Amino acid sequence: MTSFEVLPVGLRERVLAASRDARQTGTPIPQVAEISPTEGLRRAADSLHSLLCTLTNDEWRTPVLRDLDVQGLIGHLIGVEEDVRRSLLGDPDVRDVDHVESTQAFAEQQVGRPAALTCADWRAAVDRTIASVDAAGDLDADLALHRMRLTLGELLVVRAFELWIHENDVRNATGRPPSVPDAPTLRLMTGLATGLLPQAAAGTALPGPIDVRLVLTGPGGGTWDLTVGDEPAVPSRRDVITRSRLRIVTDAVGFCRLAGNRVSPADLDVNVTGDAQLAAGVLAGVSSLALD
Amino acid sequence: MAASSPLLALGRRDNFADVKAAEAGDALTIACLAAGDDDALADAFDRFGPSVYRAAMNVLGQGSAAQDVVQDVFVDLWSHPERFDPAAGTLRGFLVLLARRRSVDILRSELRRIARQERHHRLVPTPRPPSPCEQVTDADAANAVRTAVSMLPEGQRRVVELAYFQGLSCREVARIAGIPEGTAKSRLRLARAKLESALDRQLLESW
């Protein structure tokens, strides 16, 4: 073996350290412009509104989700905005209500109404939410809504997430190609979903703790190091030795579709380093983030 | 014919499959690097580091310069993963090419530095110790100057000693000699003319 085939001792560490000095781990390239959660919601609303404006009367009647047609789905979104309004006013009755049950009446009220009115009412409701938030200001304020405990900023991203998911439900139902949020909005969504993942995974009885490196590729992506899974009640010697480490790589849009429960973990294009079963459990935790 | 050999054909298919797999792996590596995953960088170093180092050593030979090239190549990959174009070849080929180019740049720069140094030495020869003959000549010249200065009138000799031997300005000479500055200047001018004349004569006499 010549000296050319053996790397000098310490070169690997030196190269990796110099690289990390040049660019911080987890920072995506190209860097994405940061937008506020309010702006993310506004953009998601604009995108859905643009789609609704192109629908024919027949398409408004197309079955899309559960027992809802497109108009009923938009009625459901009007109901959600009403619950958000009440939550912002501190109404305790919306804290623990079910997301679907609470809004069903609004969905049913749309039957027989002109679609344009439904569309206008929904848009006005979203604009009212945005105006209320602009007035309230504190995005770090804690809120309780639909059994979720979130900050106002997180709630707005959840709203943007839901509008994008339902926009694609409508697109799918009416034979239109799927849409992808712009990178800044997608980055808000991936940040939210990864932030909530440890909490969501806690409900899936994953044997933990598991160190997960989540690599979301493409625009809006990034790298996150998370710890998920339940700590063993009584740590045994084996638990200490076998603390698991997973690296899960998938694209940011697919990950958000998984978080919206619009693709199953089995159908997600994913690259796993580590225990495949544990990875499946983590991905199941991601899909459990969805509200409906 | 060799071309119709099923084994060769099978080999070709395998190579093609390897290339496709490498391309898919490269695309994943670049996507992960762009996402800021330093595990992907460590993996890329483990896979391609030896090839990159070899490419640098082939140009630069032994020494730390080849290690610097390896560092530059991987820092560049980490900082600008988007510069790799999968359509243009494999990631290994891209990194090896970067290493060669960087090494050649360093080599050229080093050659230019050496050439500059040699040119400088040629144009400005290093001072050498005077020969015995030159030492005698220098001593003769010093004696000649001393003799010429001693023959100057007192006032002129004083300003010459202050200005030339002690390196003082005209103003300082005037102050120390207790004369106006204009007088100091005119005495220096006269003394210089006399010295030039005396030294020329001495030199002529020494021939």
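Colleague: What makes a group of residues the largest nonpolar core here, and which members touch the most others?

Modeller: A nonpolar core is a set of buried Ala, Val, Leu, Ile, Met, Phe, Trp, Tyr and Cys residues joined through C-beta atoms within 7 Å. A residue counts as buried if 20 or more other C-beta atoms lie within 10 Å of its own, as exposed if 12 or fewer do, and as partly exposed in between, with C-beta atoms placed from the backbone. The largest core has 97 residues, of which Ala160(A), Val282(A), Val52(B), Ala56(B) and Leu95(B) touch the most other members. Another core lies apart from it, with eight residues that include Val159(B), Val160(B), Leu162(B) and Ala163(B). The model is a predicted one, in which local features need pLDDT of at least 70 and side-chain atom pairs count only at pLDDT 80 or more, while totals for chains, interfaces and linings use all residues. Residues are numbered from 1 along each chain as its sequence is written, and chains are lettered from A and ligands numbered from 1 in the order in which they are written.

Colleague: With which residues is Ala56(B) in contact, leaving aside neighbours within four places in sequence?

Modeller: Contact requires that the C-beta atoms of two residues, placed from the backbone, lie within 7 Å. On that basis Ala56(B) is in contact with Ala66(B), Val69(B), Val70(B), Ala99(B) and Ser103(B).

Colleague: Why is β5(A) described as largely enclosed by the rest of the structure?

Modeller: Seven of its eight residues are buried, so the rest of the structure largely encloses β5(A). Strands (E, at least two residues) and helices (H or I, at least four) are DSSP runs, numbered from the N terminus.

Colleague: What makes β6(A) and β8(A) stand at the edges of the sheet?

Modeller: Two strands pair if DSSP finds at least two bridges between them. The open sheet of chain A has four strands in the order β6-β5-β7-β8, with mixed pairing. Both β6(A) and β8(A) (270–273) have a single partner strand, so one side of each is left without a neighbour in the sheet.

Colleague: Why are α4(A) and α7(A) called roughly antiparallel?

Modeller: Axes are lines fitted to C-alpha atoms, for helices over the stretch in contact, and angles run from 0 to 180 degrees between N-to-C directions. Angles under 35 degrees count as roughly parallel, over 145 as roughly antiparallel, 65 to 115 as roughly perpendicular and the rest as oblique. The axes of α4(A) (70–88) and α7(A) (152–173) come within 11 Å and cross at roughly 175°; the two helices are therefore roughly antiparallel. Their contact has six nonpolar, one polar and two charged residues. Here Ala, Val, Leu, Ile, Met, Phe, Trp, Tyr, Cys and Pro count as nonpolar, Asp, Glu, Lys and Arg as charged, and the others, Gly among them, as polar.

Colleague: How do α2(A) and α6(A) stand to each other, and where do their axes cross?

Modeller: The axes of α2(A) (37–52) and α6(A) (115–136) come within 11 Å and cross at roughly 170°. That angle makes α2(A) roughly antiparallel to α6(A). The contact of these helices has seven nonpolar, two polar and three charged residues.

Colleague: Is Ala124(A) buried or exposed, and why?

Modeller: Ala124(A) has 12 C-beta neighbours inside 10 Å and therefore counts as exposed. Its place is in helix α6 of chain A.

Colleague: What makes up the side of chain A that touches chain B?

Modeller: The contact takes 30 residues from chain A and 26 residues from chain B. α1 (11–22), β5 (210–217), β6 (222–228) and β7 (244–251) of chain A each supply at least two residues, and α1(A) gives the most, with nine. The side of chain A divides into 13 nonpolar, ten polar and seven charged residues. Chain B, for its part, has eight helices and zero strands, and buried residues make up 24% of its 207 residues.
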